[in-house]
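Subject: Structure handover

Hello,

Here is the structure for your files. My notes on it follow below.

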Amino acid sequence: MNIVNIVNRNIEISPELLDFRHLFCYSYRMFTQYKINSIPRSFIFMGVKYLISILFALLPILTVHSVRYSLAALAELLVIALLSNLIALKKPVPANIFNGIFIFLFDAQMAVLFFAASYVETVMLSNLASAEDLAGNAAEYIIAVIVIAFASFLPIRPLGAGFFDRISRIGGSILAAAAVWAVTLAIVGGVYSPFVNYGILLRQEYKIYEMKRLVSQELNQKNLADLFYAEEITDSRKKDASLPEQPNIILIFTEGLSQNIVTDERDIMPNVAALEEKSLNVTGYYNHTFATYRAISGQLYSGYQLNNLDENCLISLQDILKEEGYHTAMINAEPLNEDFTGYLNALGFDEVIGDAADITSGLADSYTDGEIYQLLWDTVLELSEADEPFFTVIYTFGTHATFISDEAQFGDGSDDELNKFYNLDYQFGQFMEKFEDSSLSENTILVFTADHAAYQDSDFAGAFPSYERKSSQLDEVPLCIYYVGMEPETIDAGGRNSLDLAPTILDYLDISAENYFLGESLFSETGTDYDTIFYSEASPISTKDGAITVLGQDEAEAFETKIRQYFAAKLSDPSEDTLETLSTLTATRTTTALSDDGQLLEVTYTPSGRESYTQYWFAVWSAENAQDDLVWYYASKKANGDWTFSVPLSSHTFEGEIEIDVYGGDTEPTDRVDLITLMLP
């Protein structure tokens, strides 16, 4: 029997088939009629769904350079498929819901691993409000979200009903799924599992919740700040004789910069490397937290942050320098970012500099590194004309994760990650040329460091494939102090971290003051209980002696107890002669004063700048006796934006401690924005 007869038995052959020009058309018709059309559409949908998930499971090999993640993921995908099939044999609708949810979680976790080179972390969730700062990869992220949303809820249908009916009676599917999962994880390790990491994430989120709950309980304890009080800055080094009495200070926080980038053999950052060669350069120095909101405040106050936008009522580097006669200024790289601008305004600088009208070319409505360094130069030139010394802080934004530089490019410009660091270095070099050629350099010291380490996402891993890191958020970072004509020097921090920045600068200048710093001057031979511990939102990590290790359970619990007390202390003013306090939620400032006749308590409330309510209401009561004297007060707004109201003391049974619940809204109190504890004057 020839091929024509075989085909004729199944489909009528037209003479046109003999014409080669029509061969493709008939082949396509045969395929669709006897292949695709014979497969139920639901099977096609299910195939597409699982193929997309398999693709997401394999893609991370390109960024994490390990097949272990993919092996663990494929095993868990098989478990999802087996269990979904078992449910579908009896209950198709619940099976599709179950499958859709778990495939969505699976695909999302693997997509995050592909883009970020790590599974979902608590810091990612806490920074969702700043998602626009990832604008460099926005197109890729949007495509991934669309694909995941589309594929996750494609329908499934059961396979092999007869076979699965038989084995389901003894739980075979469940046993098979459990066996596949257990054996695979035993081989590759649970840390590579997408769903084990969801469990880790939930545990960490619960720890954060518990920390916040316990901190709120400790806010009522008195004199917590005394646990962290120090009478002075340790004087471990005398100021260089060639420095003037009060030199100007420029402090540069570079966004996400690890030391390995500076020392990379490809000479990516030659200007910063040259600065380190002629400076007092610190090696073996690590970031103490992550990310920017926690890092800038954390270094200026030598402390940790509980929440991104928490203010710190304790003393800061800028507070101490202000008392020494310095004019303090912070240059804002993101003036259109209301949260970040409010955060900088709360740091207590004399002025925050940054004009939203100037923003033209930076991603996420920001200054490019070229623009921000030009603004720095213009600012310090202007400030140098005043009679008082200045302390000017700048945070450069152009090296943020996912960002792309359109300014100076590295080599042929083919690697966006290298381009942005090279551009940062180029713009810094342009600034240094002007600085060193000016009279400003005769009485100014420059401190160069990072807000935190470079985030080890897929872009970083691709640009530095041979550089091994144990943490995506923690790494050695640069720190150097420079003035023209100084003798170069290198000191080894031995794994100490950026908690030590503020006391180090003050020690270098021979400035001492009362403080609540958790760090110690790097010129001191001994550190503190904190300055070798990285803490963000998860388990504390030790960097002692430059070895990155997770703290043991007992050490971690002892540290977390101390840091919980610090979080409570930094939200309460330790001074006995002031009634200023910070709220537990938004840390806004409230002041009180008695009227001249002693009958009224005058309350002034200053919103944080991150709120936009048209009216505020205040529930006031004594801390004693379960709110039995609670009274609501309606406030009036002053021209400067403060809200004021008067509390008749005769309406309350105050025993010294006052509780105030603050609500915001338009026509009625809708949102609780503050809980304030004050002491009666």
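L51, I54, L58, I61, V67 and L71 form a nonpolar surface patch of about 490 Å². Patches are built from residues with over 30% relative accessible area and no salt bridge; like charges are joined within 9 Å, and nonpolar side chains (Val, Leu, Ile, Met, Phe, Trp, Tyr) within 5 Å. Areas come from the Shrake-Rupley method with a 1.4 Å probe, and for residues only the protein chains shown count as cover. Helix 3 (residues 41-58) is the main contributor to the patch, with three residues. L51 sits in helix 3. L51 is exposed, at 59% relative accessibility. The cut-offs: buried is under 20% relative accessible area, exposed is over 50%, and partly exposed is in between (1.4 Å probe, protein chains only). Helices (H or I, at least four residues) and strands (E, at least two) are DSSP runs, numbered from the N terminus.

Two points on how to read all this. This is a predicted model, where local features need pLDDT of at least 70 and side-chain atom pairs count only at pLDDT 80 or more, while totals for chains, interfaces and linings use all residues. Residues are numbered from 1 along each chain as its sequence is written, and side-chain values use heavy atoms, with hydrogens and water left out.

Pockets and cavities

The largest pocket has a volume of about 1,400 Å³. Its lining counts 40 residues. S118, E121, K470, S471 and S472 lie nearest the centre of the pocket. Helix 11 (194-218) is among the elements that supply at least two lining residues each, as are helix 4 (61-64), helix 7 (122-126) and strand 11 (549-550). Helix 11 gives the largest share, six residues.

There are also three cavities of 30 Å³ or more. The largest cavity holds about 50 Å³ of space. It is lined by I208, M211, R294, Q305, L306, Y535, S536 and E537.

Both terms rest on a 1 Å grid over the protein atoms alone. A cavity is a set of points where a 1.4 Å probe fits but cannot get out; a pocket is an open set with protein on both sides within 12 Å along at least five of seven lines. Lining residues have an atom within 4 Å of a point. Grid points are joined across faces, edges and corners, and a volume is the space filled by probe spheres set on the points.

Helix 14

Why is helix 14 (residues 292-301) largely enclosed by the rest of the structure? Because 10 of its 10 residues are buried. Among them are Y293, R294, I296 and Y301. S302 follows helix 14 and has a positive phi, near 55°.

Salt bridges

The structure holds 13 salt bridges. Each is a side-chain nitrogen of Lys or Arg within 4 Å of a carboxyl oxygen of Asp or Glu.

K207 and E560 pair through their side chains at 3.2 Å, N to O. This pair links distant parts of the chain: K207 is in helix 11 and E560 in helix 21 (residues 553-570), 353 residues apart. K207 is partly exposed, at 34% relative accessible area. E560 is buried, at 14%.

E436 and K278 pair at 3.1 Å, N to O. E436 is in helix 18 (residues 416-436) and K278 is in the loop between helix 13 (270-277) and strand 2 (280-283), so the pair ties together parts 158 residues apart in sequence. E436 is partly exposed, at 29% relative accessibility. K278 is partly exposed, also at 29%.

R496 and D531 pair at 3.0 Å, N to O. R496 lies in the loop between strand 8 (489-492) and helix 20 (501-508), and D531 in the loop between helix 20 and strand 9 (533-534), so the pair ties together parts 35 residues apart in sequence. Both residues, R496 and D531, are buried.

R237, D240 and E489 are linked in a salt-bridge network.

Cysteines and a loop proline

C313 is buried, at 13% relative accessible area. C480 is buried too, at 1%.

P669 lies in the loop between strand 19 (657-665) and strand 20 (671-679). P669 is partly exposed, at 37% relative accessibility. Its C-alpha atom is 6.3 Å from that of W617, 52 residues apart along the chain.

Best wishes
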